[in-house]
Amino acid sequence: MAPMTLPTPTLHTGRLRLRPLVADDADDLFALHSSRTVQRYWDAPPWEERARADQFLARCRQVAEDGTGARVAVDRADDGVFLGWCGLTRWNADYRSAALGYCFSEAAWGHGYATEAAGAVLRWAFDTLDLNRVQAETDTRNVASARVLEKLGFVHEGTQREDCVVEGVVSDSWVFGLLRRDWLPSAGG
Ligand SMILES: CC(C)(COP(=O)(O)OP(=O)(O)OC[C@H]1O[C@@H](n2cnc3c(N)ncnc32)[C@H](O)[C@@H]1OP(=O)(O)O)[C@@H](O)C(=O)NCCC(=O)NCCS
């Protein structure tokens, strides 16, 4: 069967607006992904070239056209400031599963924004797709990300030992899974 386009949604939460990424987001994306602090537990080195932002945007469009996911920009609703992005990838209609990812700028940390944004994306996904399972992986040093997943109802399922090597540093990853029956629709706000 030919792949089906999956339209990227615009979503509103109490404090946030989630919307499709656009070309004008390239500078904010580059600032986010070139920050060594933001990227310290990422599974790849920080970006060095501005062109990486355009490639990321092209990949987001491709994922939407292939129908394999949806990534949204996350803006603060009251002043429109770009906080980061959140999204689903690896949507597999046969397995009814997908992967969750997110990245927020350092200035936005500690306000519950990641949990609020991911909660909205999950609510949309469970409402829109015949989705049963969402997986997320996080570096075992990334306690804040693990906490976000726990707050959303994800269950820690195991550890992938030494599965990432970034700039010579070997790290382990935790695997988390959220099943439809675990899903707490009130999570995130
Ligand atoms: C991980 C990340 C998304 C968290 O964003 P955030 O908006 O600060 O997350 P929230 O405020 O919703 O929740 C963070 C939780 O972690 C806790 N936390 C943060 N740092 C912590 C630490 N060092 N130790 C223990 N808990 C910590 C917070 O207290 C909060 O939990 P609480 O609500 O129970 O108090 C953000 O730091 C980020 O984008 N980092 C860079 C990119 C990244 O690592 N993405 C994930 C890749 S898997």
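Author: Helices (H or I, at least four residues) and strands (E, at least two) are DSSP runs, numbered from the N terminus. This is a predicted model, where local features need pLDDT of at least 70, side-chain atom pairs count only at pLDDT 80 or more, and totals for chains, interfaces and linings use all residues. Residues are numbered from 1 along each chain as its sequence is written, and side-chain values use heavy atoms, with hydrogens and water left out.

Reader: Where is Arg90 placed?

Author: Arg90 is in strand 4 (residues 82-92). Its phi is positive, about 55 degrees, although Arg90 is not a glycine. Glu162, also not a glycine, has a positive phi of about 50 degrees. Glu162 is found in strand 7.

Reader: How do I read the sheet, and what is the order of its strands?

Author: Strands of a sheet pair through backbone hydrogen bonds, either parallel or antiparallel. Here two strands pair if DSSP finds at least two bridges between them. The sheet is open, with eight strands in the order 1-2-3-4-5-6-8-7 and mixed pairing. Strand 1 (11-12) and strand 7 (155-166) are at the edges with a single partner strand each, so one side of each has no neighbour in the sheet.

Reader: How many bridges join strand 2 to strand 3?

Author: Five bridges join strand 2 (residues 16-20) to strand 3 (residues 70-76), and the two run antiparallel. Leu18 has Val74 in strand 3 as its bridge partner.

Reader: Which residues form the aromatic cluster?

Author: A pair of aromatic rings is described by the distance of the centres and the angle of the planes. Rings of Phe, Tyr and Trp (its six-membered ring) pair if their centres lie within 6.5 Å; planes under 30 degrees apart are stacked, over 60 edge-to-face, the rest tilted. The structure holds four aromatic pairs. Trp42, Trp47, Phe56 and Trp85 form one cluster. Arg71 lies over the face of Trp85, 4.9 Å from the ring centre (CZ of Arg or NZ of Lys within 6 Å of the centre and within 35 degrees of the ring normal).

Reader: Which residues come nearest to the ligand?

Author: A residue counts as near if one of its heavy atoms lies within 4 Å. Of the 21 residues around the ligand, Phe104, Gly110, Thr115, Arg147 and Lys151 come nearest. Helix 4 gives the most to this shell, six residues.

Reader: Which polar side-chain atoms lie by ligand oxygen atoms?

Author: A polar contact is a pair of N or O atoms within 3.5 Å. A polar side-chain atom of Thr115 lies 2.5 Å from a ligand oxygen atom. For Arg147, the distance is 2.7 Å.

Definitions and conventions
A polar contact is a pair of N or O atoms within 3.5 Å; within protein, one must be able to donate a hydrogen and the other to accept it, and residues adjacent in sequence count only if both atoms are side-chain atoms.
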